[in-house]
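Subject: Structure handover

Hello,

Here is the structure you were waiting for. My notes on it follow below the display.

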Amino acid sequence: MGRKVLVSAGEASGDLYASLVVEELRRREPDLEFFGCTGPRLRDAGVRTVVDAASLAVVGLVEVVSHIPRIYGEYRKLLRAAEEQKPDLAILTDSPDFHLRVARRLSRDGVPVVYLVAPQAWAWRKGRIPAMRRTLRRLLCIFPFEEEFFTREGVAATYIGHPMAGLVRPSLGREEFFRKHRLPADRPLVAVLPGSRRGESARHLPALLDAVDRLYREQAMSFVLPASVTTGVRFFQEQIGPSPIRVIEGESWNAMAHADLALAASGTVTVEAALLGTPMVTYYRVTKLSWTLGRHLVNVPFYSMVNLIAGRLLIPELIQDDMTGEAIAREARRLLTAGPAREEMKAGLAEVAARLGSGEASRPAERAAAIIQEILEGQVAHVS
């Protein structure tokens, strides 16, 4: 009978990252049996579903509160499966509100917990750190500055590199992409990326539609919005009405790679745009109540991960009330014009990409699998 590993991911990006680690572990140890909280990528990697990750995808303090009964039900279901299956190890990915609670219970039951994608305790909710120190056997960080921060706080942390660094590339060439979507070759292309969840997209669209309208009135340009699987094409088509934005299914890497500019919601997509070298304007808006409750808890010089990695304000950030159609259009104009601002940003994005994917860090799934294998073999002493 093979050893059992509980795997859990609550977000689309976490589902992808965890699936890459599972695939690498399977290559090394084909008899391992995986079960847990899965999205489509983990299911494709052969992880048996106990909880569907789609049931955990909410964001914002207030938004989470309204979903607590359902999320608590999923939490109980996952822990019941752990009690019955008795896993030899757990891999928990991102979604800290959910997973740090799961980690506490699993650790108490003697299950070694490896946490993939560090909670952003360096930005807010530092109070989580003592529990992380007690419950996590190893924290696998995907951003270069995190290992030093968590190690200093007494958490056993290792920087493995960003999983996207070796993955993000277009599947079509520029001419092919333009031809497929009937885009005029002589017009600038702007990729519109409002977010991977319906709630956040709906909050971002009014300002984005205003910005697109302003830009389009001034200059003939093309706009594409690659709809994620979780949000769907129809949702956006219903929301945007007569706007010149063309909604396409998936292809976000193609759209970003071949765009002259990306208008990107703060999150994983900004890191992908940086890896593709695409200049961008980033923004984010939560509900008014979430903003009022949460803004004073955040202690960080920048909101965007790209700026945190760069260590300076490299890409413009339009957060909450600063996110207006006028402000987005103003920043977009500045970056669509060939000149120093555009060139400086492209040089800075190349630096960020190098930090995320240099040397050993370019094979994060292999590094993660090696660490997990060591723990499974009992070669790594427990770090309390």
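Between which two elements does the loop that holds L32 lie? L32 sits in the loop between α1 (12–28) and β2 (33–38). Please keep in mind that this is a predicted model.

L32 is buried, because its relative accessibility is 4% and the cut-off for buried is under 20%. Setting aside neighbours within four places in sequence, its contacts are R3, V5, L25, R26 and L376. L336 is another matter: 304 residues separate L32 and L336 along the chain, and their C-alpha atoms are 50 Å apart.

Next, the sheet. Six strands make up an open sheet with parallel pairing, and their order is β10-β9-β8-β11-β12-β13. The edges are β10 (245–249) and β13 (317–319), each of which pairs on one side only. From one strand to the next, the twist averages 20°. Within this sheet, β8 (residues 189–193) and β11 (residues 261–265) are paired in the parallel sense over four bridges. In that pair, V190 of β8 is the residue opposite L261 in β11. As a general point, the strands of a sheet pair through backbone hydrogen bonds, in either a parallel or an antiparallel sense.

What covers the buried residues of helix α15? The cover includes the helices α9 and α16 (340–357), together with the strands β11, β12 and β13. Helix α15 itself spans residues 325–336, twelve residues in total. From its first C-alpha to its last it reaches 16 Å, close to the 16 Å expected at 1.5 Å a residue. The buried residues in α15 are G325, A327, I328, A329, E331, A332 and L335. In general, an α-helix has 3.6 residues a turn, so residues three or four places apart point the same way.

Last, the cysteines. How many disulfides does a search of the whole structure find? The search finds zero.

Regards

Definitions and conventions
Residues numbered from 1 in each chain as written. Predicted model: local features only at pLDDT ≥ 70, side-chain atom pairs only at ≥ 80, totals over all residues. Heavy atoms only, no water. Pairing = 2+ DSSP bridges. Axes fitted to C-alpha atoms, helices over the stretch in contact; angles between N-to-C directions. Disulfide = S-S within 2.5 Å. Buried < 20%, exposed > 50% of the residue type's maximum accessible area, 1.4 Å probe, protein only. Contact = heavy atoms within 4.5 Å. Expected span 1.5 Å × (residues − 1).
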